[in-house]
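Let's walk through this protein together, starting from one residue and its surroundings and then widening the view. Have the sequence and the model side by side as you read.

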Amino acid sequence: MIRIHLYILIILICNNNLLQAQEPVFSQYYFNPIYMNPALSGIDNRYKVCFNGRQQWSKIPSQFNTTSFSYDAWANAFNAGTSLLYSNNVEGEGLLTTNKFSTGLSYRLWDKGNSPLKVQFGAQWIRTVKLIDWSKLVFMDDLDPIDGDIFSSAFVPYSSNRYADNNFALGTVFIYRFRRGARIRSNTIGFNLDTELGFAIHNLMSMPDAFFSPYSQKIKKYTGHGSITMPL
C-alpha cells in the first residue's frame, strides 16, 4: 500500500508543470524549524538556537553557499512563542547575495491539562535584501567562440545593485500524543507515540523579484511536513 501511494505521489509531481523552486533547501530541514514553518516557534516549550550551513558545488567558482541562524522561545504567561531568523545565500560568480531577516509570533490554541492534542498557529514578517556585483557577470556578447571572454558587453548595468522587499508567512502545526495504555477501539497502545503534521505558506504577497523587471514576481512557497516519533 505504501508503495502504491509513493507511485501516485511521483506521478502527480511529474505531471504538474506549475511547480517552481526559488529558495534554498536544507538537507536536514528538521534542524531548521523556523525556516520551515513559523508556527514551530516555541513548540517544545523551551528556548532553542539553531545554526545551519549548506555548501553546493564547493570545488568550482560558481558555488552556492547558504547559512541560517534562528532563535525561538516560549512564554507560558502569554501562551505564545517568538522567533528570530537570519539567512544568507551566495550564488555564483556574480556574487548574487540574498539576506533575509525574519521575526515571528506563534500562539497555541489548544494544549490544556492532559489533553493529547496540541494546535499552534504562527505568523512571520520577512525582510529580503538582494545584492549583486554587475562587473562579475559574463554575457553572450562578451564571448568569442575560440578565445572566450575578450569582448565588452553592450549590457548597461542598472543604476542600483540592491533591492529589498517585505513579505509574510503563515503556518500551523497539529501534534497528537499517544501514551502507553491509551485505547484505540479495542486495542491498547503499548508504547508512547508522538505524531506531528504542519503546513506553511511563505511569500503571501505578490512582490517583484528582480532588480529592474517588474514582471518577475516572487512565487509562493508551500511547505507540508510531518513526523512520527517513538522511543526505542
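Start at A39, which touches S106, Q120, F121, G122, G171, T172 and V173 when residues up to four places away in sequence are not counted; contact here means heavy atoms within 4.5 Å. A39 also belongs to the largest nonpolar core, whose 6 residues are M36, A39, L40, I43, V173 and I175. Such a core is a set of buried Ala, Val, Leu, Ile, Met, Phe, Trp, Tyr and Cys residues joined through side-chain atoms within 4.5 Å.

A word on what you are looking at: this is a predicted model, where local features need pLDDT of at least 70 and side-chain atom pairs count only at pLDDT 80 or more, while totals for chains, interfaces and linings use all residues. Residues are numbered from 1 along each chain as its sequence is written, and side-chain values use heavy atoms, leaving out hydrogens and water.

Now zoom out. The protein has 2 helices and 12 strands, taken as DSSP runs numbered from the N terminus (helices H or I, at least four residues; strands E, at least two). Of the 232 residues, 32% are buried, where buried means under 20% relative accessible area, exposed over 50%, and partly exposed in between (1.4 Å probe, protein chains only).

Next, look at the strands. Strand 1 and strand 2 run antiparallel, joined by 9 bridges, and G53 stands opposite T67 in strand 2. Strand 2 and strand 3 are also antiparallel, with 12 bridges; strands count as paired if DSSP finds at least two bridges between them. S68 has S87 in strand 3 as its bridge partner. The hairpin of strand 2 and strand 3 has 4 residues between the strands, and N79 there takes a positive phi near 55°.

Beyond its neighbours within four places in sequence, C50 is in contact with F31, P33, S68, F69 and S70. The C-alpha atoms of C50 and P33 are separated by 8.5 Å, although the two residues are 17 apart along the chain.

Y47 sits in the loop between helix 2 and strand 1, and Y47 counts as exposed because its relative accessibility is 62%. Together with V49, F51, F69, Y71, L84, Y86 and F101, Y47 forms a nonpolar patch on the surface. Strands 1, 2 and 3 are the elements that give two or more residues to this patch.

Definitions and conventions: Patch = residues over 30% accessible without salt bridge, like charges linked within 9 Å, V, L, I, M, F, W, Y side chains within 5 Å. Areas by Shrake-Rupley, 256 points an atom, 1.4 Å probe, with all protein chains shown as cover. Salt bridge = Lys/Arg side-chain N within 4 Å of Asp/Glu carboxyl O.
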